Amino acid sequence: MRVRAMVTVSLSMLAAITGTTAGAQRSSVSEKADAIVEAMADRPEWLVGQVCMVGVWGNNFDHSPEIRQKWEQTARLVQEYHVGNVILFETNFSNVPKPGVPSTPEQIASICQDLQRLSRETATKAGFPSLPLFISVDEEGDGPPWTRVRYGLTPIPSNMAIGATWDLELAERIGETLGSELATLGINMLLGPVLDINANVSKDAMGERCFGGNPCWAGRMGRAYIRGVHRGAAGQGQAMAVVAKHWPGHGDCDRLPDYEVARINSTFEDLGNKELVPFLMVTNAPDPEARPDGLMPTHSVYTRLQTGAQPFPLTLDMSGDVIGTLVEASKRTGGSPRLREELAKLAQWREQGLIVSDALGCEGLITEYRSRGRRGFPYGDAAYRCLLAGQDVVMLAGYGKWQQQIKAIEYLTAMYRRGSTPTANEAGRRFCARVQDAARRVIETKLRVLGDDPSAKNAPTTRSTADAAQKLRPLVAAHINEIYEASERSWADAVQWIKDAGAPGPPDDATIVTVEPRVLDGVALRRVQRGLVADLIMNRDTRVPGSSVERLNELEVRAFLRSTEPELAARARQVLGQAQWVIIVLGHRPRTPSAVEEKGGIDSVRWSRELIRELPVLYPGAQRPRVAVIACQVPYYLEESDIAAVDSYLITHTKLERYLELAINALFGAGSAAPLASPVSVPGARYDLADVLKPQPGLEVRPEVECGPKGVPRRVLVGPLTDTQGRPVPDGLEVRFLLRRRGGQSSQEDFPPELVGQTIDGTASCELPEEVAGALAALQATANGWSSEWVQISVPRPRWPLPLILVAIALSAAGGALVWRWHKRRERDYARVPEVLYTFLAVDVRGSTALKTGQDPVSVRRTFDAYHGWVRRTASAHNGEVYSTSGDGVLCRFARATEAVAAARELRSSLDAFNTEANLLPRPVTIGMGLHTGPLLATGREDHGTVSSATLDVAMKIQAQAEPGEILVSAETATRLALGEELRDAGTVLGEMSVYRVP
């Protein structure tokens with residue numbers, strides 16, 4: 001079996017090399033992945049290894065016994081347990097330059113090179129293709145804790161700082177910078193960007209890790225950032241897989257699984273309107289480079305979406321998978337047609353997209369298991385559940401020791417062996433199939449993104465690690481110059497005023513006190529003595545001549561406010577008593593403040609706010625110093641009363657040194673900051689993001705009308721609509737088109753007074769129904785308090801010159817004579833041939849105008865295409881055919897009346913199934929049906945479909961009398977049915993013809 005499988009692998013590799021078209025290459029990659037999985041089928045440890053991601057222990061350049069032992073265990077995980085994916089942490093290398101130690105880039109390049117070599121040699125020895133490792137890293141920017149590589153690369157700000165520039169091109173450039181630099185070192189998987197939204201600032205679980213609070217702008221930034229990462233890696237001849245997080249969004253919860261599993265009570269509609277939007281925008285992006293290669297779900301419970309009395313977190317819930325749960329929820333709860341269509345596109349992305357789990361073994365999951373009566377954390381069971389919940393890569397890196405990672409891998413391997421035996425139960429077989437599917441997805445992604453040669457991409461095996469670092473240095477220098485120094489799109493846009501008293505900078509010989517959280521220590525690339533901001537004031541261009549600077553931390557502030565720890569309190573009182581300036585630096589509030597305080601931690605934001613309120617008491621009268629606040633991460637922690645008590649309030653959206661320096665310069669009058677344009681709401685400053693993103697008042701945009709070939713209006717558009725800052729309004733904004741019929745305002749049902757369209761890239765459009773287009777006189781567009789002027793619509797009538805009119809009359813007369821002669825000849829021919837009777841079934845949609853009004857044109861078109869196909873298939877199943885169509889009406893022809901009635905009955909009985917499976921509109925489709933039997937003349941040659949128009953007219957008139965779901969038949973049809981008493985008099989006549997109802 002192994003020999004046959006290896007031959008299949010070789011043939012697949014040959015096919016991949018010789019494939020010419022993109023479709024052939026994709027097929028070849030899939031076939032090759034299938035062949036590799038088949039070859040590994042009798043070696044389950046290889047399959048399990050491909051779906052596991054482990055943390056790297058130790059490193060290969062520190063030769064101390066302890067570090068060397070850890071590195072040997074990492075090598076063992078690759079060589080003996082065949083893991084296919086690893087993740088680097090800051091513990092694997094040094095972020096501080098040390099004499100005699102390789103630089104940080106050299107250390108990382110060495111680790112990546114060694115790991116890829118071990119993987120390649122192990123695979124070659126076993127006879128398998130040398131699949132490269134996925135070497136991943138968290139690199140979100142803004143320094144610790146979410147940035148692992150903090151030295152040797154271009155300093156990247158937080159996502160919120162990027163969002164504060166509102167510059168998509170700059171977001172792409174930052175992504176390109178990160179992708180090119182990481183790929184140069186051998187890293188080939190980026191765990192990011194974060195696509196959660198910060199819409200509820202009162203909960204604030206994600207903080208500055210988000211691009212902002214608006215779903216559409218978060219999606220736009222995410223697309224640009226991902227595109228940049230892909231292009232940056234490709235520009236260095238490397239490749240990078242991008243894994244966006246945290247699906248399906250937990251921006252509306254108040255905790256992270258680092259501390260506790262969150263219970264999120266959002267409905268499917270809530271998620272569809274907010275948290276899901278950025279993920280669907282990137283996975284369904286038109287540009288393939290802007291799509292992520294994977295998604296990372298969050299360890300949260302979605303109480304309204306998951307089934308069961310006490311569901312596990314979504315990532316461990318074996319009753320569904322992390323993607324399918326949302327799709328099933330959309331079927332149960334409905335949702336807008338647009339959202340259902342986006343989820344259908346997501347399913348297409350999933351065919352090639354990976355699902356990478358977040359770290360198992362985090363404190364939140366440990367607490368969750370403990371609450372269910374488990375004493376210790378079941379490492380193997382968590383990994384087992386993770387796979388069955390639909391994740392393809394199980395991250396074991398959160399496990400505290402390498403032995404626990406090995407135990408989990410061995411547990412998965414044992415469960416696979418048990419499920420592959422002939423006597424295995426259904427659960428065992430399901431697990432084996434899931435492991436094989438996950439391994440195939442991982443292998444296919446590696447082949448598609450990285451290729452099958454680990455020496456070709458992201459593994460500097462042909463050069464020394466010093467060469468990799470040498471290549472990186474000019475790259476970083478160029479990026480810093482382009483992004484921070486030479487670029488016209490200065491990052492100063494991210495430094496913004498919330499409040500500016502306008503007073504000059506501090507005088508000479510001033511005493512400046514900075515109140516800084518300890519989290520800022522060590523953020524700079526050099527050792528900080530006084531605190532980062534204090535150090536910047538004294539040692540950079542922001543220095544005030546003759547001034548002295550003192551720094552307090554939150555421990556000293558708490559001691560001062562609570563009169564505890566006398567030594568700390570005395571120092572704080574002495575320092576504050578001499579201050580002419582007090583600069584309070586706000587960091588990030590702990591993700592779960594109560595839990596942090598209970599464990600002896602410090603909520604620096606809490607103590608800073610109390611200090612602001614205490615300062616007026618401490619400084620009575622004119623002695624009060626000038627108080628300034630710099631929010632170095634998020635801007636919304638201070639309430640309105642807090643902001644009123646300070647003189648100046650600046651935000652930087654990131655704690656990187658470069659931005660704090662810009663803020664200090666602006667504060668002391670040596671620089672400038674931008675007006676408030678934060679990507680999140682700031683309630684204390686009465687800055688509401690929703691108001692900022694509304695259409696600009698007084699915007700002069702005239703609706704445009706697109707006409708068909710005959711000049712009849714078919715589609716209306718309005719745009720570009722810009723918000724109050726001059727940027728395109730978010731996608732999905734509802735724009736209502738008010739319509740007027742000629743002669744005044746219409747209120748009739750067949751002429752809707754308004755239609756609704758949604759904006760895409762700032763432009764909204766709407767299809768005009770046929771019954772509206774010809775009678776439309778004027779229209780107006782309105783959206784969120786904005787409205788355009790009324791625009792008059794006229795249908796142009798062609799004017800022909802007199803010579804053309806005379807020619808047309810002559811041609812018409814000649815043509816009429818020819819038609820008359822042809823008609824008389826046909827009458828003589830038909831007099832010689834017999835008539836053939838057929839039964840015609842007329843089907844029409846009831847209330848089609850109201851059904852279509854205001855709906856997404858794509859959903860309308862797809863629904864009615866499916867409707868026509870459904871009628872055609874049903875007629876064909878009963879030996880009939882569609883004879884003609886007119887709008888939503890369909891005429892079907894049958895040789896036997898009994899078959900026509902049988903088809904009508906099946907249409908009525910299967911209507912509910914059609915509405916469930918194919919109707920994309922919010923209201924159900926209803927139909928009425930009528931049948932009439934009449935003549936169809938047959939010539940001696942071939943039945944060419946000539947039929948008396950009276951026969952069709954009667955069938956359609958009978959259908960017009962039918963109520964929704966009703967089948968009416970004419971007397972001529974009734975005489976050909978063997979239904980007996982089943983027919984009921986419909987209580988109506990058509991001319992002199994009785995009409996009957998079919999039960």
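**Entry 1: terms and ground rules**

I am working from a predicted model, where local features need pLDDT of at least 70, side-chain atom pairs count only at pLDDT 80 or more, and totals for chains, interfaces and linings use all residues. My numbering runs from 1 along each chain as its sequence is written, and side-chain values use heavy atoms, with hydrogens and water left out.

**Entry 2: the chain as a whole**

I looked up the overall make-up and found 33 helices and 31 strands in the chain. These are DSSP runs numbered from the N terminus, helices being H or I with at least four residues and strands E with at least two. Of the 999 residues, 55% count as buried. The exposed surface comes to about 42500 Å², and carbon and sulfur atoms supply 50% of it; I took areas from the Shrake-Rupley method with a 1.4 Å probe. For contacts (heavy atoms within 4.5 Å), I noted that 74% of those with a separation of 6 or more are between residues 24 or more positions apart.

Next I searched for salt bridges, each a side-chain nitrogen of Lys or Arg within 4 Å of a carboxyl oxygen of Asp or Glu. The whole structure gave me 49. I opened E140 and R209, whose side chains meet at 2.8 Å, N to O. E140 sits in the loop between β3 (134-137) and α6 (159-163) and R209 in the loop between β4 (189-194) and α8 (215-235), so this pair ties together parts 69 residues apart in sequence. Are the two partners buried or exposed? E140 counts as buried at 6% relative accessibility, and R209 is buried with a relative accessible area of 6%.

**Entry 3: two further pairs**

I then checked R263 and E368, a salt bridge with its closest N and O atoms 3.0 Å apart. Here strand β6 (residues 262-264) holds R263 and helix α13 (residues 363-371) holds E368, and the pair links parts of the chain 105 residues apart. R263 counts as partly exposed at 43% relative accessibility, whereas E368 is buried at 6%.

My last pair was E639 and R613, which meet at 3.7 Å, N to O. E639 lies in the loop between β15 (626-631) and α23 (640-644), while R613 lies in helix α22 (residues 604-618), 26 residues apart. I found E639 partly exposed at 42% and R613 partly exposed at 45%.

Shared partners were worth a look too: salt bridges join E90, D138, E140, R148, R150, R209 and K245 into one network.

Definitions and conventions: Buried < 20%, exposed > 50% of the residue type's maximum accessible area, 1.4 Å probe, protein only.
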